[in-house]
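Take a walk through this model with the structure open beside the text.

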Amino acid sequence: MEDIVLVGSGGHACATDYASRIIRYGRITRDEGIKLVKEHDSKLDPLCVRDFCEFRGYTESEFWKIVDSLYTRDIFEKNEIGQWVLREQLH
């Protein structure tokens, strides 16, 4: 769950952390790192969400309402299908 909070509040999560580290180590290029971040940073396993909600006693709707409230609107906006996306894409 920490990853989704990190994405929403600061624009990065686990994939960004790992990608930046392995770029600095010279193991992948920046372009390869950006591709990894775009593919993985905003993904959250639905089973993790379900298990977390069951553990905490939330419905999934309540969970996503809380998550939505944590997104930094200066960095993110909702796209046409209601997904949070970066206002300025990585290039």
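A residue counts as buried under 20% relative accessible area, as exposed over 50%, and as partly exposed in between. With a relative accessibility of 39%, Asp51 is therefore partly exposed. Keep in mind that the model is predicted.

Start with the overall layout. The protein chain holds 5 helices and 2 strands. Along the sequence they run α-α-α-α-α-β-β. Of the 91 residues, 20% are buried. The accessible surface of the chain is about 6700 Å², and carbon and sulfur atoms hold 54% of that. Among contacts with a separation of 6 or more, 43% join residues 24 or more positions apart.

Now the charges. Side chains of opposite charge can pair when their charged atoms come close. The whole structure has 5 salt bridges. Asp51 takes part in one of them, with Arg50 as its partner, at 3.0 Å from N to O. Arg50 also meets Glu54 in a salt bridge, here at 3.8 Å from N to O. Arg50 and Glu54 both sit in helix H4, 4 residues apart, about one turn of the helix. Glu54 has a relative accessible area of 58%, so Glu54 counts as exposed.

Glu39 is partly exposed, at 37% relative accessibility. Lys35 is exposed, with a relative accessible area of 53%.

The surface has a nonpolar side too. Tyr58, Ile66 and Leu70 make a nonpolar patch of about 230 Å². Leu70 belongs to helix H5 (residues 60-70). Its relative accessible area is 39%, so Leu70 is partly exposed.

In soluble globular proteins, nonpolar side chains tend to be buried together. Which residues form the largest nonpolar core? There are 7: Val49, Cys53, Phe63, Val67, Tyr71, Phe76 and Trp84. Helix H4 (46-56) and helix H5 are the elements that give two or more residues to this core.

Aromatic rings come last. A pair of rings is described by the distance of the centres and the angle of the planes. A search of the whole structure gives 4 aromatic pairs. Tyr71 and Phe76 form an edge-to-face pair, 5.0 Å from centre to centre, with 90 degrees between the planes. Trp84 is buried, at 16% relative accessibility.

A further group of rings remains. Phe52, Phe63 and Trp64 are linked by ring pairs into a cluster. Phe63 is also one of the residues of the largest nonpolar core.

Conventions: Residues are numbered from 1 along each chain as its sequence is written. This is a predicted model: local features need pLDDT of at least 70, side-chain atom pairs count only at pLDDT 80 or more; totals for chains, interfaces and linings use all residues. Side-chain values use heavy atoms; hydrogens and water are left out. Buried means under 20% relative accessible area, exposed over 50%, partly exposed in between (1.4 Å probe, protein chains only). Contact means heavy atoms within 4.5 Å. Accessible areas come from the Shrake-Rupley method with a 1.4 Å probe; for residues, only the protein chains shown count as cover. Patches are made of residues with over 30% relative accessible area and no salt bridge: like charges are joined within 9 Å, nonpolar side chains (Val, Leu, Ile, Met, Phe, Trp, Tyr) within 5 Å. A salt bridge is a side-chain nitrogen of Lys or Arg within 4 Å of a carboxyl oxygen of Asp or Glu. Rings of Phe, Tyr and Trp (its six-membered ring) pair if their centres lie within 6.5 Å; planes under 30 degrees apart count as stacked, over 60 as edge-to-face and the rest as tilted. A nonpolar core is a set of buried Ala, Val, Leu, Ile, Met, Phe, Trp, Tyr and Cys residues joined through side-chain atoms within 4.5 Å.
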